[in-house]
Amino acid sequence: MKTTARAHPIQGLVKYHGMRDPELRLPYHDSISVCTAPTNTTTTVRWLTDVDAEGGAQDTYRIDGEAVEGRAAERINMVVEHVRELADFDHAVRFESENSFPSNIGFGSSSSGFAAAAMALVEAAGLDMSLPEISTVARRGSSSAARAVTGAFSHLYAGLNDEDCRSYRLDSDLEDDLKIVAAHVPSYKETEEAHKEAAESHMFQARVAHIPDQIVEMRDALRKASFERVFELAEHDSLSLTAATMTGPSGWVYWQPETIAVFNAVRELREEGVEVYFSTDTGASVYVNTTEEHVDTVRSRIDEIGIETDVWEVGGPAHVLPESDALF
């Protein structure tokens, strides 16, 4: 009853904002993303049997060596309790997770975290579930995690139940050529609060009305492997998402001066004929999307600004690791 799983975080392309149901984490509208590799979260879980639990074992959650408490523990517990319900048992669980990249700066750590958790918990419980089915488990921790379960380019459908609100992978020939220069701009943010804020913005309903057209455009662009269309849409969607966040009650502005500097560098590169577009999720860090042909040029230009960068590629679905990779 012990399993280790790994998942890659997501970059939102048509992003979701606001939750119709904050407990089941049902979004107001569809969303599409791409997983980024080699960044990942690795999670080991062990369901404690009656013998293991002798003396009254309790759930324990640790991330990057630290005990998890408060709201973060509540979110993990939502996923754990759902798997207990599916498996029809009440075993306690030992849960340990490690991230290979910084969390809470806009690079989707909650998506890979809950995707790896859901995969490990389901497999350790002996449940026979498809990736779209496991995506509904991960969604209870983070809606973005549903797409991290199915991996690569994925589409999370909005719905009011687990049959409708689940993620499916989208095939696209862009998987092989896409390179992502990740520009790290450390600035702590709280995505869960941002979803609440956005729904109260006067611009939110306009965004919700706009999304269905963006979804069909993005699906068509991915199917036709049109780099320009896909990432131009993602760039504009980043601006739309941030507009809704900034016009909520608290007027949050996540972007930092370094964020804007990256935007300007990207636009200058485009004027020079380089295929490159920027994208942000809820945070200050920037995904700079380009191709194999231009990645060295793009990274060099961002490095000149004095910003730490990594180069990522498309990551696959959540998957189980061999026992030798267990964290305990």
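This is a predicted model: local features need pLDDT of at least 70, side-chain atom pairs count only at pLDDT 80 or more; totals for chains, interfaces and linings use all residues.
Modeller: Residues are numbered from 1 along each chain as its sequence is written, and side-chain values use heavy atoms, with hydrogens and water left out.

Colleague: What makes domain 1 and domain 2 the two parts of the protein?

Modeller: An automatic or database domain assignment sets the bounds, and the protein is divided into domain 1 (2-172) and domain 2 (178-314).

Colleague: How do you know that residues of domain 1 are in contact with residues of domain 2?

Modeller: Contact requires heavy atoms within 4.5 Å, and by that rule 37 residues of domain 1 are in contact with 48 residues of domain 2.

Colleague: What area do domain 1 and domain 2 bury between them?

Modeller: Buried area is the accessible area (1.4 Å probe) that two parts lose on being put together, summed over both; here that comes to about 3400 Å², 65% of it on carbon and sulfur atoms. Lys-15, His-17 and Phe-107 supply 23% of the area that domain 1 buries against domain 2, more than any other three residues.

Colleague: Why is the pair of Asp-281 and Lys-15 called a salt bridge?

Modeller: The term asks for a side-chain nitrogen of Lys or Arg within 4 Å of a carboxyl oxygen of Asp or Glu, and the closest N and O atoms of Asp-281 and Lys-15 are 3.7 Å apart, so the pair qualifies. Across the interface of domain 1 and domain 2 the rule finds 1 salt bridge.
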